Amino acid sequence: MVSFCQIGAGRIGQIHSGNIARHPRAQLKTVVDVDTRAATILAERHGAAVGKLETALADPAIDVVLIASSTDTHADLVERAARAGKAIFCEKPLDLDRKRAEACAEVARKAGVPLMLGFNRRFDPNFAKLHKQLREGRIGRLETLIITSRDPAPPPLDYVKVSGGLFRDMTIHDFDMARWLLGEEPTEVFAAASALVDSGIGGIGDFDTAVVTLKTAAGTLCQISNSRRATYGYDQRIEALGALGMLRAGNVLESTLEFAGGTGVVGEKPLHFFLERYAAAYRHELDHFIDALENKRAPMVGGEDGVRALKLAEAALESARTGKAVAV
Ligand SMILES: NC(=O)c1ccc[n+]([C@@H]2O[C@H](COP(=O)([O-])OP(=O)(O)OC[C@H]3O[C@@H](n4cnc5c(N)ncnc54)[C@H](O)[C@@H]3O)[C@@H](O)[C@H]2O)c1
């Protein structure tokens, strides 16, 4: 059994704790949160204890520290857990500052502890199948990749203010997907971005709508389309085009029900948001992490991936501000 101490009992913390508790080879021993009430609710739900981080770090019975607390706590917690010799699962992003992210990934590397980052979309069954068939050569050489990611509605302004901006908060997932699916590093980034959905977002200098183009050294192109609004639901699609055809992973709908009548054919909306849409992906990423620990293999997505996605986010921000393509 792999024993977990989980830090953070908020939205994503509730998902991870449930998945740990239900996993046949994992147990949730301790929940840590500055909000004691949130920690208590979660701990009681899963038969765990509310604890302190210092105690958990000193406890040899704890194998893993899972970090699901607010972004500004990640880098410090990664370093503390690494120095205590614990395996680490950390939610994205490692930090909003790339240099800080690099430094904490380096601490984990030097400590020799496994560090997995929560880029959950790699573990979505549809996207994972697309990746597999791409690598198997089903469409031949990849030429164009199109990633569409639109939220159903903008988050509260208080969230946006501390989020690090659209590229570091939202597009970061797409940058990781792009690197993973392209199978080579983008060398050039061009981004155009606007605030079209919420004037409050524009008022604090952030964007809510963006189109990002990535180009690799081999010339492969990737286009990412982001919006903080999609009235029809959470829009998560991927298209990969190559010499032999196209692989496409569409939205996962609320149900397969369709109405067909004289006015047309109407289907259901996509699953509402990330907690529903990526429920299976969160389970699979935990499974992968536990497998990696048990088999002493590096997890598929680690600190270096977190840093590279941040580099692309920084380049996109610079490009959107200057109107020029940025070399990475
Ligand atoms: N991979 C994904 O799909 C995904 C989805 C949502 C959030 N996230 C990431 O997960 C993290 C948490 O997001 P959320 O939406 O669950 O936020 P949240 O605000 O709902 O929960 C964060 C929790 O962390 C606690 N916390 C804050 N500082 C702490 C500290 N120093 N020690 C212990 N606990 C502390 C808060 O009290 C709160 O309960 C963020 O970094 C976010 O980017 C990832």
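Biologist: In this predicted model, which residue forms a salt bridge with Arg25, and how many residues apart are the two?

Modeller: The partner of Arg25 is Asp291, with the closest N and O atoms 2.8 Å apart. Arg25 sits in the loop between α1 (11–22) and β2 (26–32), while Asp291 belongs to helix α12 (residues 279–294).

Biologist: Is Asp291 buried, partly exposed or exposed?

Modeller: Buried means under 20% relative accessible area and exposed means over 50%. The relative accessibility of Asp291 is 29%, so Asp291 falls between those limits. Asp291 counts as partly exposed.

Biologist: Which residue forms a salt bridge with Glu79?

Modeller: Side chains of opposite charge can pair when their charged atoms come close. A salt bridge needs a nitrogen–oxygen contact within 4 Å. For Glu79 the closest N and O atoms of the pair are 3.9 Å apart, and both partners lie in helix α4 (residues 74–83), about one turn of the helix from each other. The partner is Arg83.

Biologist: What separates Glu102 and Arg98 along their helix?

Modeller: Glu102 and Arg98 form a salt bridge, with the closest N and O atoms 3.1 Å apart. Glu102 is partly exposed at 29% relative accessible area, whereas Arg98 is buried at 19%. Both residues are in helix α5 (residues 98–111), four residues apart, so the separation is about one helical turn.

Biologist: How many salt bridges does a search of the whole structure find?

Modeller: Some of the salt bridges form a network, which links Arg122, Asp176, Arg179, Glu185, Glu304, Asp305 and Arg308. Over the whole structure, the search finds 25 salt bridges.

Biologist: What is the volume of the largest cavity?

Modeller: Rolling a probe the size of a water molecule over the atoms shows where empty space is left. The structure holds one cavity of 30 Å³ or more. The volume of the largest cavity is about 50 Å³.

Biologist: Which elements give two or more residues to the lining of the largest cavity?

Modeller: The lining includes Arg121, Phe127, Asp174, Gln236 and Tyr278. Its residues divide into five nonpolar, three polar and three charged. The elements that give two or more residues to this lining are β7 (142–150), α9 (171–182) and β11 (235–242).

Notes:
Residues numbered from 1 in each chain as written. Predicted model: local features only at pLDDT ≥ 70, side-chain atom pairs only at ≥ 80, totals over all residues. Heavy atoms only, no water. Salt bridge = Lys/Arg side-chain N within 4 Å of Asp/Glu carboxyl O. Buried < 20%, exposed > 50% of the residue type's maximum accessible area, 1.4 Å probe, protein only. 1 Å grid on protein atoms, 1.4 Å probe; cavity = no way out; pocket = protein on both sides within 12 Å on 5 of 7 lines; lining within 4 Å. Points joined across faces, edges and corners; volume = space filled by probe spheres on them. Nonpolar A, V, L, I, M, F, W, Y, C, P; charged D, E, K, R; others polar.
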